[in-house]
Amino acid sequence: MFPIRRARRLRQPKGCAPISLSPVPTAATTDIALIGAGIMSATLGAILRRLEPDASITVVERLDAAAGESSDPWNNAGTGHAGLCELFYTPQRPDGSIDIAKAVRVNEQFQVSRQFWSYAVQHGMLDQPRTFVNPVPHVSFVDGAAGVDYLRRRHEALAPNPLFAGAEFITDFDEFAARLPLMAAGRDVGAPVALDWSPDGTDVDFGALTSQLIGYGARHGSAVRFGHEVRSLERESDGSWALGLANRRTGETARLNAKFVFIGAGGATLGLLRKAGISEVRGFGGFPIGGVFLRCGDPEITDRHRAKVYGAPAPGAPSTTAPHLDTRVVTGASWLLFGPFAGWSPKFLKHGRVTDLPRSVRLDNAASLLGVGIAERALVGYLLGQLRRTHAGRIEALREFVPDARDRDWSPLRAGQRVQVIRGGRLEFDTTIVNAADGSVAGLLGASPGASTAVPAMLEVLTRCFPGRFPGWLPRLTEMVPSLGVRLAEEPALFEQVWEWGSQQLQLR
């Protein structure tokens, strides 16, 4: 499919994102164009570089560095989402039983990402694991008799599954205090509390991971163009795609011709798919939701909490707003984040434009957007309440997790901007892949679980868009992901094998 033609090699320090400030030639061609230098494009580019070492690959990013939007470590909570602690993945059915299907599915997806990262470390594609991943327990936390009863039933439902077998259910307050001293201090000893404690969780710096994967591609022939925005995306007569580029510093314009285009541009993806005339996104809309965290870097406080602790979402709130108190490790330093608190802006990107939302409205999605506004009245009310919240109000919410929290120890941090997919009058919170019928262009929409499942998402892109090449790639892909095509929840022996291998490669003991 791709002619043997290497892109110009960029020499960069190992593990660093390449910086290219030179203008794009007025007439350039590439086999594969990746729009956006976030975790999705970085992952797809690294996989394709292993599969097709002689294909030309070009990454186009409107900002001046990789991972400048949602993949930046301060624009997300860094949770390696594996369904271990997120209560919104295990809803209670009307009969009182616990539905664990989504938690199992998300865990299996995360295992695919974990295996690829292990392979990448083993083969020198990534630097030392501690530069991007650290072992941090994942913990579910509830209080009150009803919460404890729910968490016990959740634990019992998950425990027989090999993916969740290592979790502990804890109701003893002394044990709670020993493991989470920051959360126990100042708390009523007699009040019911419970933890579901998984020692196998991770904290992931997706910014560092993205930069290293982009750097790997650049060292092996991929071209990276920072500071260039894709203004148009048009089909050529030969079936290829013409990308209209603009240098955001100089204003110079150029065209880049590509046989295959992947759009991993976060909130900008929907607009670019529309510009390409992809009929599959007809009727799609987007609703932007921002976020604010409280952050603390005082070692006397961060040393007393080493876990990612998730509670339950507030009634009427989106699942992605479940409160959590997280250990973060960024460039070797430990921090605590609490949130998220919802924010709002009409921008589809943190570094976007205030016209993003109004410009996204079309005749084909107007009814769907209006329908969501009517159907999601509780969500609208929740957002309005969040927007009225002061710093003191956020600290008060933090005290449900840290009773002794002091205002002066925590500062607000604006997180990334997410665009939730609206389709058929419904607001969707999952990650959605959209591709043209001929597979020549694909894009990723949505937010959760997002970065943690980047590898299975990009493998799905390859399956959909390269059906003729995929069987030939399977041997190499199975080297990257030994469990490819297997439900690990149903194969405990294989799970144990790949888990041990991954733990060794990623130094997660």
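## Second largest pocket

The second largest pocket has a volume of about 630 Å³, and its lining is made by 25 residues, of which Gln109, Val112, Pro456, Ala457 and Glu460 lie nearest its centre. Helix 2 (101-122), strand 19 (431-435) and helix 13 (454-465) are the elements that give two or more residues to this lining, which by class holds 11 nonpolar, 7 polar and 7 charged residues. The model is predicted, so local features need pLDDT of at least 70 and side-chain atom pairs count only at pLDDT 80 or more, while totals for chains, interfaces and linings use all residues. Residues are numbered from 1 along each chain as its sequence is written, and side-chain values use heavy atoms, with hydrogens and water left out.

A pocket here is an open set of points, on a 1 Å grid over the protein atoms alone, with protein on both sides within 12 Å along at least five of seven lines, whereas a cavity is a set of points where a 1.4 Å probe fits but cannot get out; lining residues have an atom within 4 Å of a point. Helices (H or I, at least four residues) and strands (E, at least two) are DSSP runs numbered from the N terminus.

## Cavities

A search of the whole structure finds 2 cavities of 30 Å³ or more, and about 70 Å³ of space lies in the largest cavity. The lining of the largest cavity comprises 13 residues, with Gly45, Val59, Leu213, Ile214 and Gly217 nearest its centre. At least two lining residues come from each of helix 1 (39-51), strand 2 (57-61) and helix 6 (206-219), and the classes are 9 nonpolar, 4 polar and no charged residues.

## Salt bridges

The structure holds 24 salt bridges (a side-chain nitrogen of Lys or Arg within 4 Å of a carboxyl oxygen of Asp or Glu). In one of them, Asp64 pairs with Arg249, the closest N and O atoms being 2.7 Å apart; Asp64 lies in the loop between strand 2 and helix 2 and Arg249 in the loop between strand 10 (241-247) and strand 11 (253-263), so the pair ties together parts that are 185 residues apart in sequence. Asp64 is partly exposed, with a relative accessible area of 45% (buried means under 20%, exposed over 50% and partly exposed in between, with a 1.4 Å probe and protein chains only).

Lys308 and Asp203 also meet in a salt bridge, at 2.8 Å from N to O, and because Lys308 lies in strand 13 and Asp203 in strand 7 (residues 202-204), this pair ties together parts that are 105 residues apart in sequence. Both Lys308 and Asp203 are buried. Arg62, Glu229, Arg231 and Arg353 are linked in a network of salt bridges.

## Backbone geometry

Most residues other than glycine have a negative phi, and most peptide bonds are trans. The peptide bond from Gly339 to Pro340, however, is cis, with omega near 0°, and Pro340 lies in strand 15.

Ala67 has a positive phi of about 60° although it is not a glycine; Ala67 belongs to the loop between strand 2 and helix 2 and is buried, with a relative accessible area of 6%. Gln507, in the segment after helix 15 (492-505), likewise has a positive phi, near 55°, and at 35% relative accessibility Gln507 counts as partly exposed.

Key. Grid points are joined across faces, edges and corners, and a volume is the space filled by probe spheres set on the points. Ala, Val, Leu, Ile, Met, Phe, Trp, Tyr, Cys and Pro count as nonpolar, Asp, Glu, Lys and Arg as charged, and the others, Gly among them, as polar.
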